[in-house]
Amino acid sequence: MFRLADLMEAHKEELATIESLDSGAVYTLALKTHIGMSIDSFRYFAGWCDKIHGQTIPINHARPNRNLTLTIREPIGVCGIVTPWNYPLMMLAWKMSACLAAGNTVILKPAQVTPLTSLKFCELVARAGFPPGVVNVLPGPGAAVGQSIAEHPEVRKLGFTGSTPVGRTIMAACSANVKKCSLELGGKSPLIVFADCEFAKAVKMACNGVFFNKGENCIAAGRLFVEASIHDRFVEAVKVEIAKMRIGDPLDRATDHGPQNHRAHLDKLLEYCQRGVSEGAKLVCGGRRVAGLRGFFMEPTLFTGVQDHMHIAQEESFGPVMIISDFPDGDIDGVLSRANATEYGLASGVFTRDIYKALRVSERIHAGTVFVNTYNKTDVAAPFGGFKQSGFGKDLGEEALNEYLKTKTVTMEF
């Protein structure tokens, strides 16, 4: 695994170029995040390989105690991994690195529209010296390949990242042989901005939270709640930031915002924005395909006046669409209630200088990740996963190993 990480680093520019061509990610972002965090993941979990152990448990307190119980943590066996198209290599790395460190073999199905970095990755796996059959990649449509992996009786675990509807299908398929599964699904992550925030930073990080990777980001800040007294100022500042964004060729190092992944997704985003307008939200800017550019480019979009019942307030766009609602000054309980009124629970955020507010939001928000005075700051050592219909199970950190291990209890009398 360490050799593989070294090879990935040696080929990082090539991998970033392939990732950019395949997914539309801006090259500079692909190099730093898509590829950089993939390398970090393999190095991190390589360090865990010789640190996986069980426990010795006292089961009888009588003296003399003639019993000994110990636990052994074993690999599950053959594991399936199904990855999405927004971070093709990084999602592969998040799951596969923990899977391999735990001692399993793996069958990966990359997203049908973004298989290229996965195939290049296989070449590096072979060069790193992995035995044949340990890492396998099967590109193809989810309905055929993904379904087959999920239903196959010899695949004992499946890790999936993707949409909630597909996650339900995966979970049902896994029930065929009571297969263990972990699901990282959709989100509608709330970001609460209080008036006592560090204003310039909040604006910058909110834009990063929405428009990062052209909005094709599972933890994107799906809805902003901005305290009423700073709402109008905040909206104007966001408009200034949007105007600065350079949209264009993702291989151009100066580009900020590349194309959406594929035509069907762009069409879905345009319909999403049209629905927001028809329901009465105010379209401040964007909402259209970029004129004069060849490709699936979407204008960074800003909606205000969004009411809780609206479709765009409830469902994720998975694109460069910022949705802002205001809330009365000081109404912490009210905004928390509104933020939690969704079936998703992947991530969340809060901007405030008041540690009391930050801790109160962190405690009461229904999400697997809470960002305080930052956003999108994930790390390979920090567990990542959602609540409710955003799924269950964890990627990254020590907890991710539990997804790919089984515990055996051994009790003996002597």
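The legends below describe close-up views of a predicted model.

**View 1. The largest pocket of the predicted model and its lining.**
The largest pocket has a volume of about 1,000 Å³. Its lining is made up of 42 residues, and Trp-85, Phe-160, Gly-162, Ser-163 and Val-166 are the closest to the pocket centre. Among the elements that contribute to this lining are helices α6 (142–151), α7 (164–174) and α10 (263–278) and strand β6 (155–161), each with at least two residues. Sorted by class, the lining of the largest pocket holds 18 nonpolar, 16 polar and 8 charged residues.

**View 2. The largest cavity.**
Across the whole structure, 3 cavities of 30 Å³ or more are found. The largest cavity has a volume of about 90 Å³. Its lining comprises 14 residues, and those nearest the centre are Ala-220, Gly-222, Glu-316, Ser-317 and Phe-318. By class, the lining of the largest cavity divides into 6 nonpolar, 6 polar and 2 charged residues.

**View 3. The second largest cavity.**
The class counts for the lining of the second largest cavity are 5 nonpolar, 2 polar and 3 charged.

Ile-355, Tyr-356 and Leu-359 make up a nonpolar patch on the surface. Together, these three residues have about 360 Å² of accessible area. Leu-359 is located in helix α13, which covers residues 355–364. Leu-359 counts as exposed because its relative accessibility is 54%, and the exposed class begins over 50%.

Leu-251 sits in the loop between α9 (228–244) and α10. With a relative accessible area of 28%, Leu-251 is partly exposed, because this class lies between the buried limit of 20% and the exposed limit of 50%. Leu-251 and Gln-389 are separated by 138 residues in sequence, and their C-alpha atoms are 35 Å apart in space.

Terms used:
Residues are numbered from 1 along each chain as its sequence is written. This is a predicted model: local features need pLDDT of at least 70, side-chain atom pairs count only at pLDDT 80 or more; totals for chains, interfaces and linings use all residues. Side-chain values use heavy atoms; hydrogens and water are left out. Patches are made of residues with over 30% relative accessible area and no salt bridge: like charges are joined within 9 Å, nonpolar side chains (Val, Leu, Ile, Met, Phe, Trp, Tyr) within 5 Å. Accessible areas come from the Shrake-Rupley method with a 1.4 Å probe; for residues, only the protein chains shown count as cover. A salt bridge is a side-chain nitrogen of Lys or Arg within 4 Å of a carboxyl oxygen of Asp or Glu. Helices (H or I, at least four residues) and strands (E, at least two) are DSSP runs, numbered from the N terminus. Buried means under 20% relative accessible area, exposed over 50%, partly exposed in between (1.4 Å probe, protein chains only). On a 1 Å grid over the protein atoms alone, a cavity is a set of points where a 1.4 Å probe fits but cannot get out, and a pocket is an open set with protein on both sides within 12 Å along at least five of seven lines; lining residues have an atom within 4 Å of a point. Grid points are joined across faces, edges and corners, and a volume is the space filled by probe spheres set on the points. Ala, Val, Leu, Ile, Met, Phe, Trp, Tyr, Cys and Pro count as nonpolar, Asp, Glu, Lys and Arg as charged, and the others, Gly among them, as polar.
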